[in-house]
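Hello,

Here is the structure I promised to send over. My notes follow below it.

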Amino acid sequence: MEVFYYVVFGVLGIVVATLELSKNNKDRINTSSAFTSFKNNYLVVYSLMMAGDWLQGPYVYYLYSTYGYSKGDIGQLFIAGFGSSMLFGTIVGSLADKQGRKRACVTYCITYILSCITKHSPQYKVLMVGRVLGGIATSLLFSSFESWLVAEHNKRGFEQQWLSITFSKAVFFGNGLVAIIAGLFGNLLVHSFSLGPVAPFDAAACFLAIGMAVILSSWSENYGDPSDNKDLITQFRGAAVAIASDEKIALLGAIQSLFEGSMYTFVFLWTPALSPNDEEIPHGFIFATFMLASMLGSSLASRLLSRSSPKVESYMQIVFLVSAASLLLPIIMASLVAPSKVKGGGISFSGCFQLLGFCVFEACVGLFWPSIMKMRSQYIPEEARSTIMNFFRIPLNIFVCVVLYNVNEFPMTVMFGMCSVFLFIASLLQRRLMTIADKPKANDWTPLNERNAEEAPLNI
């Protein structure tokens, strides 16, 4: 492995350690022992869930390519995952609000374990089923756990500001430290132990099973709106009314879709971007480096969220602008450096600069997650939290599916440029959200939802 990778990893590690060790009382919030116990229990579960997800991340594209599938075939498999998340995500989110968030979290574990098992088969149809199951699991991961946390936090009477602690720690550990360990562990399984690219998926299934056992033994159930007279259609209508009646919720959904759409496109693109001529790159180690950069971002976020100024709505504008600039680097390098035609070898000079830019983008991802969680906890109504959060994922999944469907039609520079434009638009929408952040809602969505539900039979 080239020294360059170690240098980047080492510098990021030093910066993260310095940030964490230099925190003072202004960067911390005093809490109770009961909250600390609750927070730690959630962090253990969330870390296990994310370990199951992160172990798979660096090797999905690689596994499919070892089975002999082309870039276009792999793109279709990715489309199946995002498509199933779009089609079934809102349904499972609504069921989580109605049937219980704990049950939804357990369902996530079972669904993702089944998805991992399908990776043992090289058959395209079996892999397609696995991607569909994975798409459903992803919808549950990014809605049910957060919904359970917010509801349980409020039910136990903890202060609202303490939520930001759990959010930032969840990203620091689950999206950072655990992801790094998962990347290195996956690299160990595949390359050092020579167990093949399917080994990380088996390990992921084990972590998911352990996490499910902790959920079943220590979590209580909570609901959004468990009313018997609220069917799925009524819940969908209520969520749509909530988004339409409150500009802040609509802006938040658009911002989330734009950023996450760019992020998931990046997940697909970074491997071919760093190895356009089949250069030998250590996927697991690079993934771990990205996650260390994400930890840097979450460490910064924890400081920012612990203070009253600047507000989250304010500094996120800068985050989106920086992330937009970082994804322009592949376009800049393509215009300045002539592409190499030599196959194989180590990472190129252009690839080194792109890797640095990608680390900046991952730092922005680390800032994004706890910040968007904080804003969601402020603006999204509890009654339909999971449903609304999965509504946000519909445009996200459409965007990613369109990109992946046309992955062979456009050069990577065009796709990176498109992501950069979307991130710039997100910064403009974030500015609008900051402007109206303190503005009261014109209508309360719950009465409007109930009135629409009552009027619905009259319109048949």
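**What I found**

Ser147 is buried, with a relative accessible area of 0%. Buried means under 20% relative accessible area, exposed means over 50%, and partly exposed lies in between (1.4 Å probe, protein chains only).

Before the rest, the ground rules. This is a predicted model: local features need pLDDT of at least 70, side-chain atom pairs count only at pLDDT 80 or more, and totals for chains, interfaces and linings use all residues. Residues are numbered from 1 along each chain as its sequence is written, and side-chain values use heavy atoms, with hydrogens and water left out.

Ser147 sits in helix H7 (residues 144-155). Helices here are DSSP runs (H or I, at least four residues), numbered from the N terminus. Leaving aside residues up to four places away in sequence, Ser147 touches Arg101, Asn222, Glu382, Arg385, Ser386 and Met389. Contact means heavy atoms within 4.5 Å. Ser308 is 161 residues from Ser147 along the chain, and their C-alpha atoms are separated by 24 Å.

Ser194 is exposed, with a relative accessible area of 57%. Ser194 lies in the loop between helix H8 (163-192) and helix H9 (199-218). Its phi is near 55 degrees, a positive value in a residue other than glycine.

**Two helix pairs**

Helix H11 (residues 247-274) packs with helix H16 (residues 385-405) at an angle of about 40 degrees, their axes 8 Å apart. Axes are lines fitted to C-alpha atoms, for helices over the stretch in contact, and angles run from 0 to 180 degrees between N-to-C directions. H11 and H16 are therefore oblique to each other. For the cut-offs: under 35 degrees is roughly parallel, over 145 roughly antiparallel, 65 to 115 roughly perpendicular, and the rest oblique. The H11 and H16 crossing is right-handed. Residues in this contact include Gly253, Tyr264 and Phe268 of H11, and Met389, Phe392 and Arg393 of H16. By class, the contact of H11 with H16 has 13 nonpolar, six polar and two charged residues. Nonpolar covers Ala, Val, Leu, Ile, Met, Phe, Trp, Tyr, Cys and Pro; charged covers Asp, Glu, Lys and Arg; the others, Gly among them, are polar.

Next, helix H12 (residues 283-305) and helix H15 (residues 349-379). Their axes come within 7 Å and cross at roughly 40 degrees. That makes H12 oblique to H15. Among the residues that meet are Phe290 and Gly297 in H12, and Glu362 and Lys374 in H15. The contact of H12 with H15 divides into 14 nonpolar, six polar and two charged residues.

Best wishes

Conventions: A crossing is left-handed if the near helix is turned anticlockwise from the far one by less than a right angle, and right-handed if clockwise.
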